[in-house]
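Colleague: I would like to learn how to read a few features from a model like this one. Could we go through them one at a time?

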Amino acid sequence: NPTIAIPRGTLMAIFWTTFSYLIISATVASCVIRDASGSINDTLSSESCDGLSCQYGWDFSECINNKTCTYGISNYYQTLSMVSAFAPLITAGIFGATLSSALACLVSAPKVFQCLCKDHLYPLIGFFGKGYGKNHEPLRAYLLTYIIASCFIIIAELNAIAPIISNFYLCSYALINFSCFHASITNSPGWRPSFRFYSKWLSLMCSVVCVVIMFLLTWWAALIAIGVVIFFLGYTLYKKPDVNWGSSVQASSYNMALNHCVGLNLVEDHVKNYRPQCLVLTGPPSSRPALVDLVNCFTKNLSLMMCGNVVTAGSSPSILEMASSNSHVSWLNQRKIRSFYRGVVSSDLRCGVNMLLQGAGLGRIKPNVMLMGFKKDWRSDSCLAANNYAEILHDAFDLQYGVCVLRMREGLEVSNPSQSHVNQGFDGGLDSINTISPTSLIQTSARSSVTVELEPQPTTAFQKKQGKKTIDVYWLSDDGGLTLLLPYLLTRRKRWARCKVRVFVGGETDKKEEQKEEVLSLIKRFRLGFQDVEVLTDIYQNPQPVNVHHFESLIRRFKQDPNPKQDSGSHPAGQQEAPWMITHQDLERNMAKSLRQIRLNEVLQDYSRDAALIVITMPVGRRGVCPSSLYLAWLDVLSRDLRPPVLMVRGNQESVLTFYCQ
């Protein structure tokens, strides 16, 4: 029974070894003095002799004072043989002990070193990890160990290296004891010591005692041993090798994270501590790297980022595995994106996003901003798909989320045949979702999960240094300040640091300077550091007829034929069944907003053609008042034909900026 025999045998061996050492020390010390010259002429010749040897008629004062004594229990290593009944027996015992210890080290050390080589923790040692035979014997490591041992034997002075060897042993004992203590205080269920008399405080005490003894033996050797351990530990932490030992550090990290998450619930949120915690609807993160890179720019080392993926291809075990595949997390880690990933399986896109909006996060560490790509194929896709996209935006507003929609001229989706399932509802691509069969989805997902480490990382515009360009912010309504906060966070990144932020606001011609000073004063009180403010007085003008005609062509497919038999104040019967249809009343009711979006696009074309990024307040269409197709037409016409990326932002009316006095 190893769990009983090993502790009992180990403790008994330690007890009897210690007992025999004490007996031998006492018997030898009882018949051999500490220092002796070895010369028979050093008999007692004067009364000034001092020491135990004087009682036996010997005077070794001269060699004691000069420290030249070669005999005695303190100087002569063969003392035990001198007082033994049979000296060769002592020599045989020394050889036996040496060979047993040497053979144990010669066998165990290469085995441990082989495991170290297989983990690829350190460079240039993988050669020694190869095993031979059915037991994978580390012959190369055996040879290396033999060479190292021979080199130290050739020195022919064991005492020169004994302090270093002893300190490394003590260092390993200290680390083992501390590991036991650390595993105990983390309360990990996997740590279940079977030793009856185990105590974590005894482990800590033994660890401290080992360190103290290291310095008491030889302080410089202790510093060398500790320095070597710290060096290798630091290198391992820096390289972060892809190995998992189930260490107690992981359990400790979990405990700390859990305690801090629970601790956050004890304190109410404050505007000074607001952080944009983003739920990014990317689908598989590798399918829309530009969206991932942009959000990473203002969340890295600052706040929460979570990539969400909704799979709508069924609910089989293969599809569930595809939604929660670790390949997505591996891709994020390979790209050095600090983000969580959450995949869900749902019957349709809107229900899946609702699951993410309501269930993502933990305690107060939960998203408060939803980001997604613009659905550029909303006209060619089914009316239901377009309506669901618009309803997702409304659902996010209802759940008190800030909403951001990113549009890029070249699109967000990356075409990759080995990509796992891509939900086109997040950012409409050229291909319809219905063209992908469930069988092919499962196969491509399996390939992706295996080869994700080898997939090339596409480069996006948000990974490059932007130089001395501008970030143009169109602050058109007060949404709590999110439209201003996101550009500020971008400028804190090195690649955006040289960009100048220009703030555009609407205003009146006769009050232009006054309104500019008001906005500058407000920005100064917010401590954002933006100096360039432009008041747009032509923002309320009528748009050009050609652009109005283009807008009408966008919504022509969704216009409902007028029904003269029905009352003008009532909606057609099909309005509730098809909420994307636009009636004449809807157009009249929202005409001013429609013309404003068209005019805003003209302003963007004039002022922000060469910007690095355009951040603009996103219009909001009230549910039941603005049909979903009309709302998507607003977003489309607002951001169309622009070379820079356009980020449409709308806060949830919660204040995210503070004055000095708050």
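Modeller: Helices (H or I, at least four residues) and strands (E, at least two) are DSSP runs, numbered from the N terminus. In this scheme Ser303 sits in the loop joining α10 (289–299) to β2 (305–311). The model is predicted, and local features need pLDDT of at least 70, side-chain atom pairs count only at pLDDT 80 or more, and totals for chains, interfaces and linings use all residues. Residues are numbered from 1 along each chain as its sequence is written, and side-chain values use heavy atoms, with hydrogens and water left out.

Colleague: Is Ser303 buried or exposed?

Modeller: Buried means under 20% relative accessible area, exposed over 50%, and partly exposed in between (1.4 Å probe, protein chains only). Ser303 counts as buried because its relative accessibility is 17%.

Colleague: Which residues does Ser303 touch, not counting those up to four places away in sequence?

Modeller: With contact taken as heavy atoms within 4.5 Å, they are Arg275, Pro276, Gln277 and Phe298. For Pro276, the backbone oxygen is reached by the Ser303 side chain at 2.8 Å.

Colleague: Where does UniProt place the feature "transmembrane region"?

Modeller: UniProt positions follow the numbering used here, feature names are shortened, and annotations may be inferred rather than shown by experiment. The unreviewed UniProt entry gives residues 12–33, 141–161 and 167–185. In the model, residues 12–33 are 82% helix and 0% strand, with end C-alpha atoms 32 Å apart, while residues 167–185 are 100% helix and 0% strand, with end C-alpha atoms 27 Å apart.

Key. A polar contact is a pair of N or O atoms within 3.5 Å; within protein, one must be able to donate a hydrogen and the other to accept it, and residues adjacent in sequence count only if both atoms are side-chain atoms.
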